[in-house]
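Subject: Structure handover

Hello,

Please find the structure below, with the sequence. My notes on it follow.

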Amino acid sequence: MSAVIHASVQMELPAEANAVLRAEMTPQVAVQALLAAGRPQDALTLLARLLPKRYAVAWVCQCAREQALSQEDRAGASLAEQWVREPSESNRRAAFEFAHAGGYKSLGAWIAASAGWSGGSLAPAAQETPVPPPEHLTARATVAAINLLAALEPAEFDARRKAFIERATSLLQAGGGEA
């Protein structure tokens with residue numbers, strides 16, 4: 001199964017989006033095809049899954065850096081950025097715990113979750129038996145964070161989301177796609 005089709009299935013894209021996709025498409029072509037078909041949310045979802053996790057988190061952090069964020073949102077973004085710079089288990093755990101403590105209710109929590117769900121265990125730190133996150137959870141958090149970032153200016157939501165998507169499409173080629 002191609003990376004594009006695998007990512008589409010994993011992210012549960014609707015039939016209308018899957019009708020646009022072809023197994024032989026490169027990740028960049030697939031995302032552009034969804035945008036051209038007027039399916040920006042599906043393009044965002046596919047893009048977030050096809051990017052390597054570290055690239056996806058770095059992308060969200062880069063988009064967040066340019067926004068006027070609350071102190072809580074900046075704190076979550078800072079933890080995610082720390083993980084991007086040094087993807088250690090302790091940095092991942094700090095981002096995960098921040099997102100979890102915030103109940104995934106803020107933009108900062110979703111940015112932190114993008115890093116926190118990148119690996120390791122979702123179980124409490126004291127639990128010996130690890131509970132690894134499903135492979136697509138970083139992409140889910142990335143999608144939520146990008147949509148929340150776009151919604152910071154509701155009247156410009158569509159244009160902002162599209163600009164965020166276009167910024168990351170070059171990363172697909174650089175990262176080679178992950179799926």
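Glu 12 is exposed, at a relative accessible area of 64% (exposed is over 50%, buried under 20% and partly exposed in between, with a 1.4 Å probe and protein chains only). Glu 12 sits in the loop between α1 (3–10) and α2 (15–18); helices (H or I, at least four residues) and strands (E, at least two) are DSSP runs, numbered from the N terminus. The phi of Glu 12 is near 55 degrees, a positive value in a residue other than glycine. Tyr 104, in the loop between α7 and α8 (107–116), likewise has a positive phi near 55 degrees and is not glycine. For background, most residues other than glycine have a negative phi.

Before the rest, the basis of these values. This is a predicted model, in which local features need pLDDT of at least 70 and side-chain atom pairs count only at pLDDT 80 or more, while totals for chains, interfaces and linings use all residues. Residues are numbered from 1 along each chain as its sequence is written, and side-chain values use heavy atoms, with hydrogens and water left out.

Leaving aside neighbours within four places in sequence, Ile 111 is in contact (heavy atoms within 4.5 Å) with Val 60, Cys 61, Ala 64, Gly 76, Ala 77, Ala 80 and Ala 145.

Helix α5 (residues 53–65) packs against α8 at an angle of about 155 degrees, the axes being 9 Å apart. Axes here are lines fitted to C-alpha atoms, for helices over the stretch in contact, and angles run from 0 to 180 degrees between N-to-C directions. The pair is therefore roughly antiparallel (over 145 degrees; under 35 is roughly parallel, 65 to 115 roughly perpendicular and the rest oblique). On the α5 side the contact is made by Val 57, Val 60, Cys 61 and Ala 64, and on the α8 side by Ile 111, Ser 114 and Ala 115.

Helix α4 (residues 40–50) has nine of its 11 residues buried, so it is largely enclosed by the rest of the structure. Among those buried are Asp 42, Thr 45 and Arg 49.

Cysteines

How many disulfides does a search of the whole structure find? The search finds zero, a disulfide being a pair of cysteine sulfur atoms within 2.5 Å. Cys 61 is in none, and the nearest cysteine sulfur, that of Cys 63, is 9.3 Å away. Cys 61 is buried, at 1% relative accessibility, and Cys 63 is buried at 0%.

Two further residues

Asn 91 lies in helix α7 (residues 89–101) and is buried, with a relative accessible area of 14%. Apart from neighbours within four places in sequence, Asn 91 is in contact with Gln 82, Trp 83 and Glu 86. The C-alpha atoms of Asn 91 and Ala 101 are 15 Å apart, at a separation of 10 residues along the chain.

Gln 32, in helix α3 (residues 27–36), counts as partly exposed at 37% relative accessibility.

Regards
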